[in-house]
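Hello,

Please find the structure below, followed by notes on what was found in it.

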Amino acid sequence: MNDQEGFAIAIEEAKIGYEEGGVPIGAALVSKDGKLLGRGHNMRVQKGSAIYHGETSALENSGRLPASAYKGATMFTTLSPCDMCTGACILYGISRVVIGENKTFLGGEAYLKQRGIEVVVLENVECRELMERFIKEKPEVWNEDIGEEERVYSKEEK
C-alpha cells in the first residue's frame, strides 16, 4: 500500500465520521511493508468516549500487536494530531505521520519531529474544507473535542 492509498483510507474514514454526526477526522495505520494494520475515525460523539480520536481509533482497530509491528509504520491522519494522539504515535514507535491539513488545528507536529518522527503535511483542501464545515456546523462539539471551552460572545461582539 502506497501513501496515496493509505491517505485515501483516512479520508474515507473522516467522511464516515461526518456522516455519523461525529468529528470528521480519519486515520489509517500502515506497516513499513505496506500492510494496513488498522483504520478508524473519531468516535467521541458516537461512542460517548473521551479518547476515541481518529488515530486512537485506528490503533484500537489494529488490535493487540507486538511492538515490532509499529516500528517503521506510518500513521495517516486527516488532521494534525492532538497531544494525546501525538503521544500515542510516540509511545508505539510509529516512525512517520502523514497529515492531511494543519490549518484548522495545529497539534503536536513539532514534538513528533523533536522525537525523530518524520512529519509530512499534505495541505489537502478536501480535509480542510470538511473540518471547516464541521466546525461551523457544530462548534460546541469541536471545542469539546480539542479540550477548549466554547467562547460566549457579548451582543457587542457579534
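The buried residues of helix α3 are G54, E55, T56, S57, A58, L59 and S62. Please keep in mind that this is a predicted model. Helix α3 spans residues 54-62, and with seven of its nine residues buried it is mostly covered.

**Helices α1 and α7**

Two packed helices are described by the angle between their axes and the distance between the axes. For helix α1 (residues 3-19) and helix α7 (residues 125-137), the angle is about 15° and the axes lie 11 Å apart. Angles under 35 degrees count as roughly parallel, and α1 and α7 are therefore roughly parallel to each other. Their crossing is left-handed.

On the α1 side, the residues that meet α7 are F7, I11, A14, K15 and Y18. On the α7 side, E126, C127, L130, R133, F134 and E137 take part. Sorted by class, this contact of α1 with α7 has seven nonpolar residues, four charged ones and no polar ones.

**Salt bridges**

How many salt bridges does the structure hold? There are six, and a few of them are described here.

Two involve R39. One is formed by E12 and R39, whose closest N and O atoms are 2.9 Å apart. E12 sits in helix α1 and R39 in strand β2 (residues 36-41), so the pair links distant parts of the chain, 27 residues apart. E12 is partly exposed, with a relative accessible area of 43%. R39 also counts as partly exposed, at 26% relative accessibility.

The other is the salt bridge between the side chains of E13 and R39, at 2.6 Å from N to O. This pair, too, links distant parts of the chain: E13 belongs to helix α1 and R39 to strand β2, 26 residues apart. Is E13 buried or exposed? At 7% relative accessibility, E13 counts as buried, the cut-off for buried being under 20%.

A further salt bridge joins R96 and E118, with 3.5 Å between the closest N and O atoms. R96 is in strand β4 (residues 96-101) and E118 in strand β5 (residues 118-121); the two are 22 residues apart, and the pair links distant parts of the chain. R96 is buried, its relative accessible area being 17%, whereas E118 is partly exposed at 43%. Salt bridges with shared partners join D3, R96 and E118 into one network.

**R44 in helix α2**

R44 is located in helix α2 (residues 44-47). With a relative accessibility of 12%, R44 counts as buried, because buried means under 20% relative accessible area. Which residues is R44 in contact with, leaving aside its neighbours within four places in sequence? They are S49, A50, Y52, H53, E144 and D145.

Regards

Terms used: Residues are numbered from 1 along each chain as its sequence is written. This is a predicted model: local features need pLDDT of at least 70, side-chain atom pairs count only at pLDDT 80 or more; totals for chains, interfaces and linings use all residues. Side-chain values use heavy atoms; hydrogens and water are left out. Axes are lines fitted to C-alpha atoms, for helices over the stretch in contact, and angles run from 0 to 180 degrees between N-to-C directions. Helices (H or I, at least four residues) and strands (E, at least two) are DSSP runs, numbered from the N terminus. Angles under 35 degrees count as roughly parallel, over 145 as roughly antiparallel, 65 to 115 as roughly perpendicular and the rest as oblique. A crossing is left-handed if the near helix is turned anticlockwise from the far one by less than a right angle, and right-handed if clockwise. Contact means heavy atoms within 4.5 Å. Ala, Val, Leu, Ile, Met, Phe, Trp, Tyr, Cys and Pro count as nonpolar, Asp, Glu, Lys and Arg as charged, and the others, Gly among them, as polar. A salt bridge is a side-chain nitrogen of Lys or Arg within 4 Å of a carboxyl oxygen of Asp or Glu. Buried means under 20% relative accessible area, exposed over 50%, partly exposed in between (1.4 Å probe, protein chains only).
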